Amino acid sequence: MMRGRSDGGLKKRLIASVCVVALFVCFLFMYYGSSSQGASALEYGRSLRKLGSSYLSGDDDNGDTKQDDSVANAEDSLVVAKSFPVCDDRHSEIIPCLDRNFIYQMRLKLDLSLMEHYERHCPPPERRFNCLIPPPSGYKVPIKWPKSRDEVWKANIPHTHLAKEKSDQNWMVEKGEKISFPGGGTHFHYGADKYIASIANMLNFSNDVLNDEGRLRTVLDVGCGVASFGAYLLASDIMTMSLAPNDVHQNQIQFALERGIPAYLGVLGTKRLPYPSRSFEFAHCSRCRIDWLQRDGLLLLELDRVLRPGGYFAYSSPEAYAQDEENLKIWKEMSALVERMCWRIAVKRNQTVVWQKPLSNDCYLEREPGTQPPLCRSDADPDAVAGVSMEACITPYSKHDHKTKGSGLAPWPARLTSSPPRLADFGYSTDMFEKDTELWKQQVDSYWNLMSSKVKSNTVRNIMDMKAHMGSFAAALKDKDVWVMNVVSPDGPNTLKLIYDRGLIGTNHNWCEAFSTYPRTYDLLHAWSIFSDIKSKGCSAEDLLIEMDRILRPTGFVIIRDKQSVVESIKKYLQALHWETVASEKVNTSSELDQDSEDGENNVVFIVQKKLWLTSESLRDSE
């Protein structure tokens, strides 16, 4: 459903008809309007379904809260928001900025051959969703990690076409009410674990373990399928960003996140991937169906940008082993391209070739003048990613990396708390870094104490830090069986490269827009001063709350750390969102993590939990 908008295509009618329509619109406005904007939610011009009596709580013990009551705050002129309408069931998997229906309706002129239709195209404010995303029929609280790696509830992602389409490759198998994941893939039918071990063996890594004694920590898996490659790397302390578009193999990333595996919706199209340069030690493509030769090797050069000095690219595809004329031609051209890029073949065996990127700029400087692809301009920022187009050029190393012949990173897990080499890029000192790490360790311990009555050892798995800064919140969670998507705003210091240098993963995102993920994918959201930030940008707190509800799993948690006035404003929406308070605590005014206002306003840690609810239609269908 979209925020209400007039239908300009209607022709003039009789005066009586116009009056009836006007009265009806006024009724919708009064009945569904929210307290802050009073806008009705319309779904592409269709009628609404109001939550009201169709709300069925899975954990409402109070039984004394009615969704249609508007409770006035005695100390404030604003009133508590009424219940939000529920989006149509067809939108239970909506991703607002990756919505193909929106693209068709807006008649956006996109080049399908360049995959522009899989890139982000966000709706304008007047067309944003202003309704709650319903779970599918029969939805259940997700299976807990680590069991979820191998099975999920079919009702939560009722898409089984991949089980049939990839039945000979062991991607996934239907088993009654569940879907199981045997660990297979297009080029590793017998399991990702065996395939991973074979690559490690090819590279002569000790004990056939791909982490190379902690030196290989971050991996990018493009065209990842259901992310079994990344799933089986977790046991080796390797963190994989599994990347795939929402293409004909629908719901790949949704399956990955439901399983508790780090994953992100993205595509190698025209824009840079949302990762800084030198983020990954290893990239992987197993029959990812990407034409690496197109546009003068543009996509392969983007992969080169995000690989660290000495980084590897493992490529399992017919071009690497097939002997027919077409594949041999592609192999010859691709080999010539990577040679000009100064990559060398580290090893080639059976269906897989592994290339390695150079450790320094020496090879680039020794190339013949005019060699293509050229080096990128010296004034180009290799870490700028927000809306930046890819360039068909080689990103040379910094003077530091060229001199040290590598990134200078400590092996994992020492790199998590070691001062990152790129810290100096921001003028931060080692003391500042160490202090930040210790402060967030204390805060995370405090958060868990506040949630102790609700959170057990396996309650949460997928976590998002909505304002990650240097990644110290995620670092403090190292000993818990969780993973964290660290989000850094493109409007501030691009500290995402520090996060990757620590062996963590993340992405750039502006919270005035929707995030690139499916609904119901995160167990916990950490919102540190996010609401104050978007207010300063003139963006809507109500839109952000609805977006947070979209990506939060039922029974999931939100930790809001913000000014007391901001938290009080958010409380007015809890009833409408079906969130309930878990804990609230004032922050000491001397806290170095919190910015106090000029009038000395305290910050507050406010923790809420999302209730499990179904629409009456969903419940009836599930029965």
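Okay, a quick definition to start: two strands count as paired if DSSP finds at least two bridges between them. Keep that in mind, and remember that what we're looking at is a predicted model.

So, where do we see pairing? Take β6 and β8: 3 bridges join them, and the two strands run antiparallel. Strand β8 covers residues 178–180, and its S180 sits opposite E151.

Okay, let's zoom out. The protein chain has 19 helices and 23 strands. It has 623 residues, and 57% of them are buried.

What about the inside? In soluble globular proteins, nonpolar side chains tend to be buried together. Here, the largest nonpolar core has 144 residues, and L210, W292 and F313 have the most contacts inside it. That core takes at least three residues from each of domain 1 (190–412) and domain 2 (415–621). There's also another core apart from it, with 9 residues, including V152 and F255.

Which residues does F313 touch, leaving out those up to four places away in sequence? Among them are H284, C285, W292, W343 and W355.

Last thing, contacts along the chain. Take those between residues at least 6 apart in sequence: 72% of them join residues at least 24 apart.

Conventions. Residues numbered from 1 in each chain as written. Predicted model: local features only at pLDDT ≥ 70, side-chain atom pairs only at ≥ 80, totals over all residues. Heavy atoms only, no water. Helix = DSSP H or I, 4+ residues; strand = E, 2+ residues; numbered from the N terminus. Buried < 20%, exposed > 50% of the residue type's maximum accessible area, 1.4 Å probe, protein only. Contact = heavy atoms within 4.5 Å. Core = buried A, V, L, I, M, F, W, Y, C linked by side-chain atoms within 4.5 Å. Domains from an automatic or database assignment.
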